[in-house]
Amino acid sequence: MRSAVRALRYGLLVVLTALFVSPLLFMLVTSFKTSQQAVETPPTWWPDPFTLQAYDRILQAADTPVLRWFLNSMLAAAANALLVVATSALAAYALARLEFRGKRIVFALIISTLFVPPVILVIPNYEIVGRLYWLDTLLAIIVPTAAGAFGVFFLRQFFAQLPRELEESAYLDGANRWQIFFRIVLPLSKPALATLALLSFLTNWNDFLWPVYVLFSPENQTLQAGLSTLQSANSVRYDLLMAGAVVASVPVLLLYLVAQRFVIEGVSRSGLKG
Amino acid sequence: MTATVTKAVPDPARDRVGKPPPARRRGDGLVAWVFLAPYLVLFTVFVLAPIVLGLWISLHSWDFTLPNKPFVGLDNYTALFDPGSVSFDPFWNSMQATGIFTLFSVPLLIVVPLAVAMVMNQRFRGRNVFRAIYFAPYVLGVAVVGVMWRFLLDRNIGAVNSYLGALGLPDDIAWLSSVPPAWVALVGVTVWWTLGFNAVIYIAGLQDIPRELYEAATMDGAGWWAQFRNVTLPSLRPVTMFVTLITIISSANMFGQSFLMTNGAPARETQTAIFYIAETGLQNFQMGQAAAMSWILTLALMVLSVVVFAIFRLRGSLESS
């Protein structure tokens, strides 16, 4: 009976896993096919001949600078993660540990925007980014999304849990707030900071609606926005589309593989304390 | 600057060695605002100001490319409720599309991830690997997911139709250009893409349920189903509420799947509200109109959230009484 349950469970897991892995595998396989072979039915699971021509083509063509998109995305996501972590950590520390007039109001204001649907910000932020002359630049991708409330909320929860004694004894030794923050609180918070950096990186890397409308020039696009350009320009060249999708997936999948625990724990923690 | 501020503050903790330092220290005020400043600048410019500016824009005939933007009062709003206006049909059609999508995806994204989480919460070999696999699509982002599934769901050369045919099922389904198949495709792909996200939150919730509750239930002779109904579900209520709310919000903001897979086809049937808002405001630059639409969508969402919140509260009080 027990082994029957176990067999059933593994059977279910294997089917589910196949459902999750096979589309990705097929994407990868297709990217190594010729354009004719990519659209053959029934689908084949091995490229014959095995060719890199799709990659060659998307990496060469001037209208689809995939490498440039890749660098843009990397730069934007990394800068955004850094900005989020730096500004949120400072603010979260003030909200977790410092006493000042208006603290409750500031905190309530920040938290209440956690539940503001992002759609409300799209139109006015386009206007603001336009006024700042940031349209069609990576700044439009890096800065506005760093203003979210999640990072502050997440780090504040973490800082509030740190034992106060360490800070108190440093304070008695004559350390000021900055020294306490930089020498004690930040080093103790590395896991939380890394988690937030990672979540911000992934969110920014995968952002779609905003870059599609804010970036116009082919050379300024991010990978996600570029993919949609690639799709509308080559709607029948599935070998090219899959190669582009692979280029966009591999770095995040690698990052995810390395930091999987942080990502998953970050998400689950954010959910429970939300 | 801050160093001098802190030094100028008399250090009360030093004068009362042995006593716990007072919770409120004078002088934190200015330091605190310096800590807050960088974030608050971003927050004010890109969150608070836009909320107000959005309302302002919605009261004007606002075109990004035009120099003068005349005040029109509530015209942008009334136009959306006037069946004779140009935007009436496409807007409410897009609201309906968002509604249909939300209606079908939310229950699936509450129930299926819970089932997966329950399986994943048991001890067995390779559990973490499975968990990582089911979460992976979410990491890929909507662009990769959309481009990939558009290929797999292509009517003529797609793998999905090909395998359906091999199983003796209809193999000529226009997944991306006819309804209802397009809805099945959009909802199915979304579940595939985000199932892992909700499951991870459920798993954390399941792990927080004290084992003693199950032990007590077992002592009382409760079977699997009774345990699920009387221990698991009530204990998970806050988590389920959170999952429900974020799933509703993200479903109501669905854009990429529809943009990349169906491009709103057939006609505008699968064009979601945010898709239409973005098209109106950021492509045709009728920003006043688009801002009014986003406020209507936001209000609808807020009402829905309050209803969900009330339902969970009500259920909670019924169960505890």
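Student: Leaving aside its neighbours within four places in sequence, which residues is B:Gln227 in contact with?

Tutor: This is a predicted model, in which local features need pLDDT of at least 70, side-chain atom pairs count only at pLDDT 80 or more, and totals for chains, interfaces and linings use all residues. Residues are numbered from 1 along each chain as its sequence is written, chains are lettered from A and ligands numbered from 1 in the order in which they are written, and side-chain values use heavy atoms, with hydrogens and water left out. Contact means heavy atoms within 4.5 Å; beyond those sequence neighbours, B:Gln227 touches B:Tyr214, B:Ala217, B:Thr218, B:Ala222 and B:Thr232 in this sense.

Student: Is B:Gln227 buried or exposed?

Tutor: Buried means under 20% relative accessible area, exposed over 50%, and partly exposed in between, with a 1.4 Å probe and protein chains only. B:Gln227 has a relative accessible area of 16%, so B:Gln227 is buried.

Student: How many residues of helix α13 of chain A are buried?

Tutor: Helices are DSSP runs (H or I, at least four residues), numbered from the N terminus. In α13 of chain A, residues 223–233, eight of the 11 residues are buried, including A:Leu223, A:Gly226 and A:Gln231.

Student: What classes of residue form the lining of the largest pocket?

Tutor: Nonpolar means Ala, Val, Leu, Ile, Met, Phe, Trp, Tyr, Cys and Pro, charged means Asp, Glu, Lys and Arg, and the others, Gly among them, are polar. The lining here has 14 nonpolar, five polar and six charged residues.

Key:
Helices (H or I, at least four residues) and strands (E, at least two) are DSSP runs, numbered from the N terminus.
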